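Please open the model in your viewer and keep the sequence beside it.

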Amino acid sequence: MDSVLIRYHEIALKKGNRRYFTELLKRNLFASVKDFGPKEIRSLPARILITFKNEPLAADLIDRISGVFGVANFSLVERVDRDLDALRSRILKALNGRSFESFRIETQRGDKTFPLASPEINRQLGAAVKEKSGARVDLDHPQFTVTVEILPGDAFYGFDKIPGAGGLPVGSSGRVVGLISGGIDSPVAAYRIMQRGCRLIFVHFHSAPYQDKTSQEKVRWLVKRLTRHQFLSRLYLVPFGEIQRQIVAGVARPLRVVLYRRMMLRIGEAIARKEKAKALVTGESLGQVASQTLDNMAVIQQAARLPILRPLVGMDKQEIIDQASRIVTFEISTIPDQDCCQLFVPAHPATKARFADVEQDETKFALAELVRYGVENAIEEEFNFPESCPRSDG
Ligand code: ATP
Ligand code: MG
């Protein structure tokens, strides 16, 4: 199959923005397969068709298109001459070796000058498929679907509909900063917000040289994995050990985690402003650990003015783990490492931090300077997907 036909839910797209959404979706689809040599990308009503110079491997193509948000489903299709006899013989030939009990033909006649209307094309091709396969026609619950597209210059046919990743095209909802820790939760949170159309800029806090570098390595792997869905990512690696050392020197044990988190939000917010990002994303889930009680969340979030998005807030741990497995971040997240927040963490952190106590403790620090220190000493890294892609000039 030398082409792919992508379907999206037009109703999900707001009327005035439809063109903007489809252009973004086209751009993202193109980015996802740019190393496969796409020849042409065409917009059709509620569908996008990409044709390749050479036939990419079906498995590779499926893998790439399944990662693009905004796609409802897609089919691998093949170009044929715009002629019913040609379509019939190619479809029958391609059916060799396939068995199914019921089927339907779905024709879209994008070119109304074609002499036959869609129901007539369905009828004629359906009769041929029925005769060859012995299967019955079932319009409501077919086991097998044959897609036919009649366009002005050519026609296409294909089998099966493969489910897409759903959601909205990345970029359509703006930019946000994702706080990513190397744990199980934050990569899932990042994925869910990306699926709603946001491009994420990642921020990770590490305690080197007080701890080893595995957390940074893990985060690089996680960001690399997630970049499959947004094609270009930036990661800020922020040195946090010195800030933690100061907090430890000045703050009683139970409140330390709350102060760490507030510093993370402040630095994350400073990076968000620099990146023109509109919100912060965390992997917090209500009640999961001591720092994620409602009381603590309330005190922590007051350190930032930007909205904090917590897509996992109502999810159970098992649901989060299941999704982490599906998006292939679980196996990276569970590599053992030294999490910076375990450094100097008390056995019994406060579960009901009081704002007044936290504020009082924070008077001991030059907060603005610590934020500046974190932002200025952060290392920025860029990630691309697909990786070693020769630059195209088109
Ligand atoms: P995760 O599984 O994402 O590590 P968690 O269950 O361990 O989450 P916490 O340690 O309370 O929960 O962290 C809550 C959230 O704060 C994380 O999901 C993440 O968004 C952010 N966070 C925590 N530690 C870091 C870090 N070192 N760098 C960046 N963000 C962090
Ligand atoms: Mg964690």
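Helices (H or I, at least four residues) and strands (E, at least two) are DSSP runs, numbered from the N terminus. This is a predicted model, in which local features need pLDDT of at least 70, side-chain atom pairs count only at pLDDT 80 or more, and totals for chains, interfaces and linings use all residues. Residues are numbered from 1 along each chain as its sequence is written, chains are lettered from A and ligands numbered from 1 in the order in which they are written, and side-chain values use heavy atoms, with hydrogens and water left out.

Most residues other than glycine have a negative phi, and most peptide bonds are trans.

Select V328 first. V328 is found in the loop between α10 (317-326) and α11 (330-333). Although V328 is not a glycine, its phi is positive, at about 60°.

Next, select A46, in the loop between β2 (38-44) and β3 (47-52). The phi of A46 is near 60°, a positive value in a residue other than glycine. A46 is partly exposed, with a relative accessible area of 21%.

Now turn to the peptide bonds. Select A208 and P209: the bond from A208 to P209 is cis, with omega near 5°. P209 lies in the loop between β11 (198-206) and α6 (214-230).

Finally, select F385 and P386. Which form does the peptide bond from F385 to P386 take, cis or trans? The bond is cis, with omega near -10°, and P386 lies in the segment after β15 (379-384).

Note on methods. Buried means under 20% relative accessible area, exposed over 50%, partly exposed in between (1.4 Å probe, protein chains only).
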